[in-house]
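This briefing goes through the arrangement of the chains, the contact between them, the packing of helices and some features of the backbone. Please read it alongside the sequence and the structure shown here.

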There are 2 protein chains.
Amino acid sequence: MRLSRFFLPLLKENPSEAQIVSHRLMLRCGMIRQEAAGIYAWLPLGFKVLKKIEKIVEEEMARAGSIQLLMPTLQLADLWRESGRYEDYGQEMLRIKDRHEREMLYGPTNEEMITEIFRGTVKSYKDLPLNLYHIQWKFRDEQRPRFGVMRGREFLMKDAYSFDVDEAAARRSYNRMFTAYLNTFARMGLKAVPMRADTGPIGGDLSHEFIILADTGESAVFCHKDLVDMPAPGPDVDWENLQHVFDERTSLYAATEEMHNPDDFAKVPADKQLSARGIEVGHIFYFGEKYSKPMRAVVNGPDGEITVHMGSYGIGVSRLLGAIIEASHDDNGIIWPESVAPFDVALINLRPGDEACDAACEKAYKALNDAGRDVLYNDSDERPGAKFASMDLIGIPWQLIVGPKGLAEGNVELKNRATGERQTAPFDDVLAQLTAKKV
Amino acid sequence: MRLSRFFLPLLKENPSEAQIVSHRLMLRCGMIRQEAAGIYAWLPLGFKVLKKIEKIVEEEMARAGSIQLLMPTLQLADLWRESGRYEDYGQEMLRIKDRHEREMLYGPTNEEMITEIFRGTVKSYKDLPLNLYHIQWKFRDEQRPRFGVMRGREFLMKDAYSFDVDEAAARRSYNRMFTAYLNTFARMGLKAVPMRADTGPIGGDLSHEFIILADTGESAVFCHKDLVDMPAPGPDVDWENLQHVFDERTSLYAATEEMHNPDDFAKVPADKQLSARGIEVGHIFYFGEKYSKPMRAVVNGPDGEITVHMGSYGIGVSRLLGAIIEASHDDNGIIWPESVAPFDVALINLRPGDEACDAACEKAYKALNDAGRDVLYNDSDERPGAKFASMDLIGIPWQLIVGPKGLAEGNVELKNRATGERQTAPFDDVLAQLTAKKV
């Protein structure tokens, strides 16, 4: 993409309304624009990152055997009356009446609807286990929306739902999602710690939040230090035997504020006690028959009717952009992990109009695109200092810098955004290096 | 994807509520499920087709130079008061109040919001032309939602918006979208005819609907026959000179009912007069300063302030599924064009449990997946007749049929869903044929 044909409205000044760094940087980078309190438009740069994150989530959900569908944003109030949650949910639920005065709502989550779909379509225990998910916009009418996309009102969530014949099978489904979440967040460069959590309005008695440690986190968390750097199980784990993945982590202390037990925490060796602040990026629940029983989601079993056991599994897709930035930035701007970067390479032409610079940049632009790299070609008339600053700000992992002096000697510069390291090397060597990098 | 791990809840009976074939087939194929009047969940098969259609739209929009972003579903009423449309829009607009009694609405279209984004970010005529689009769920509170996804209330629309310095430039932008639409629909196997259309609540004085001819179409249309089979310009057209693409088509008579002029139509040679019914799949508008003037969307020009000229360009993404099915089906079910088919190949194991059949199917499944084909492996215990019927019903373009008799002679069968043609051929030849087909 040539910058001259892209739409990247950067802000020169720090926006005064932003209290945390991710919100400030997303506004400054022209990633989002507020359209109402807690409601954002995703400008092209932000939209690209959102899609990258979505894709990782989709790939890891598929690997764990979950099937994608898409439920609508609006739901009937009567559906929520079946579970008893319509009255319970409080003011965070956006209630709507249509032209015929039918009561509806903008879905804050989808337990009821997926249960309705299940009971209307699945008849036999032979069709279980089943895990269905979607990625759809949700609405929660927060009293005080704040921190940009971290606590917005209209937000993008991945929510999956599992259906099993009994608790033992449901726990295996839980472990699959537990494992998928570890892998998902690791692929985004995040260290996410699963912590025992309160089940809140979803319900049930087994629940973990996946927490990114960050000073700007909204909640206090307590955990054993070893959990932070414990590597994710990876894609090649034995998906039929995941209890050890769960046990290895849950045998160490980790709890959110609501579930914190100071006595148990005191038993963690003092040098391993970590008390910090965290950002919730995922939340998984096992709630048994909480919805299936009142809503009559049953299948025919070998010995009669079975009320299915369910779980639900959320990832805050739009919130993840904020979480990743909180975890990965410096004074100059965002440092995107390669897996979610909006572009792979920023190609910086230091002197547009110079024949040699233009030719070299066109050559690099074509070669990188042909190799499947997503390139932002900064072909603007700004002075070099402004170009460096804006490319640092938006945090593309690699900067390929083409200037007349270096080029006279056949050289270009390659800068690694994360480390700040710069190497001057022959043009073709750098191109070979960048095109050889795996996508 | 193995059918045993997929979620494909087919209906055996014809649903009584469906009045047109696409609605009936989408329900029978387990593509959609109604959650409220005119509001559908997209089950996995339907979701896959929706994503294929989205991808084609995205690719053709990118080719035409439009940049993707994403605006939220909910908008502030005050924004629509700026253009004067809040009161005008009538009962089709779903009006909402949040917990603080702020007036909002579920966006039926986005002219106001994109104009707000533009005026807040673009300052100079040098940044024009600019074309921005998104694909987002919209809501129109239809009095009588019907025909499944063809006239739903919550529907997926692609809407693009162009910004130019004057009418001449805006017409060039219009021609780009006009051309992109011809290519987009052609890639989906559709013959879409651009017709002069009423501008309705969007406004302006130049507007074309892109119409698919179908007996079940909601509106009467009138056009010169030659337009129906006129080939799309294709991707290699000269994008800087598109006036001829526009002129070639608009010089022939083509109008929707609202714009129909019987006297002009009578001048079309009698054997070329086509009076038919049509389905609108796209609608493009040039409306000059209708929004930019009241909303003050101006840029600095070389000689002072310029109020920008705008156009908007919609494609009914979710409606397209219905339109494609209306245009491409037979008594046995859907016939998907390859470009939008939910799977490329249906692999039918006629005798699961038979060692030779299972081994051959596993080999084919792996080879096809490795070659990038999306395969639905029907590994179910149903009898062959039921398998043939369900695979015909869901309309995957190719069926690879593996049975014990043929296999004993090293043969399998390959069936083309569209033509019904079957060929018996050596297993490896058929595999080579299917893996060689370009994606």
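This is a predicted model: local features need pLDDT of at least 70, side-chain atom pairs count only at pLDDT 80 or more; totals for chains, interfaces and linings use all residues.

**Contact between the chains**

- Chain A contributes 40 residues to the contact, and chain B likewise contributes 40 residues.
- On the side of chain A that touches chain B, at least two residues each are supplied by the strands E1 (32-36), E2 (39-42), E3 (67-68), E4 (74-76), E5 (94-97) and E7 (130-139), and also by the helices H2 and H5 (111-121).
- Divided by class, this side of chain A holds 26 nonpolar residues, together with seven polar and seven charged ones.

**Overall form of chain A**

- Chain A contains 13 helices and 23 strands, and its C-alpha trace spans about 80 × 60 × 40 Å along its principal axes.
- A compact globule of 439 residues would have a radius of gyration near 22 Å, and the 24 Å of chain A agrees with this.

**Packing of H2 and H6 in chain A**

- Helix H2 (residues 44-63) and helix H6 (residues 167-187) of chain A have axes that come within 9 Å and cross at roughly 150 degrees.
- Because an angle over 145 degrees counts as roughly antiparallel, H2(A) and H6(A) are described as roughly antiparallel to each other, and H2(A) passes H6(A) in a right-handed crossing.
- From H2(A), the residues Ile56(A), Val57(A), Glu60(A), Met61(A) and Arg63(A) take part, and they meet Ala180(A), Asn183(A), Thr184(A) and Arg187(A) in H6(A).
- The residues of the contact of H2(A) with H6(A) comprise four nonpolar, two polar and three charged ones.

**Packing of H1 and H9 in chain B**

- Helix H1 (residues 21-28) and helix H9 (residues 317-327) of chain B pack with their axes 8 Å apart and at an angle of about 105 degrees, which makes H1(B) roughly perpendicular to H9(B).
- In H1(B), the residues Val21(B), Ser22(B), His23(B), Leu25(B) and Met26(B) meet Leu321(B), Gly322(B), Ile325(B) and Glu326(B) in H9(B).
- The contact of H1(B) with H9(B) has five nonpolar residues, three polar residues and one charged residue.

**Features of the backbone**

- Most residues other than glycine have a negative phi, and most peptide bonds are trans.
- In chain A, the peptide bond from Leu128(A) to Pro129(A) is cis, with omega near 0 degrees, and Pro129(A) is found in the loop between H5 and E7 of that chain.
- In chain B, Leu128(B) and Pro129(B) are joined by a cis peptide bond whose omega is about 0 degrees, and Pro129(B) is found in the loop between helix H5 (111-121) and strand E7 (130-139) of chain B.
- Phe147(A), a residue other than glycine, has a positive phi near 60 degrees, and Phe147(A) lies in the loop that runs between E7 and strand E8 (154-164) of chain A.

Methods:
Residues are numbered from 1 along each chain as its sequence is written. Chains are lettered from A and ligands numbered from 1 in the order in which they are written. Axes are lines fitted to C-alpha atoms, for helices over the stretch in contact, and angles run from 0 to 180 degrees between N-to-C directions. Helices (H or I, at least four residues) and strands (E, at least two) are DSSP runs, numbered from the N terminus. Angles under 35 degrees count as roughly parallel, over 145 as roughly antiparallel, 65 to 115 as roughly perpendicular and the rest as oblique. A crossing is left-handed if the near helix is turned anticlockwise from the far one by less than a right angle, and right-handed if clockwise. Two residues are in contact if their C-beta atoms, placed from the backbone, lie within 7 Å. Ala, Val, Leu, Ile, Met, Phe, Trp, Tyr, Cys and Pro count as nonpolar, Asp, Glu, Lys and Arg as charged, and the others, Gly among them, as polar. The radius of gyration is taken over C-alpha atoms; the globule rule is 2.2 Å times the number of residues to the power 0.38.
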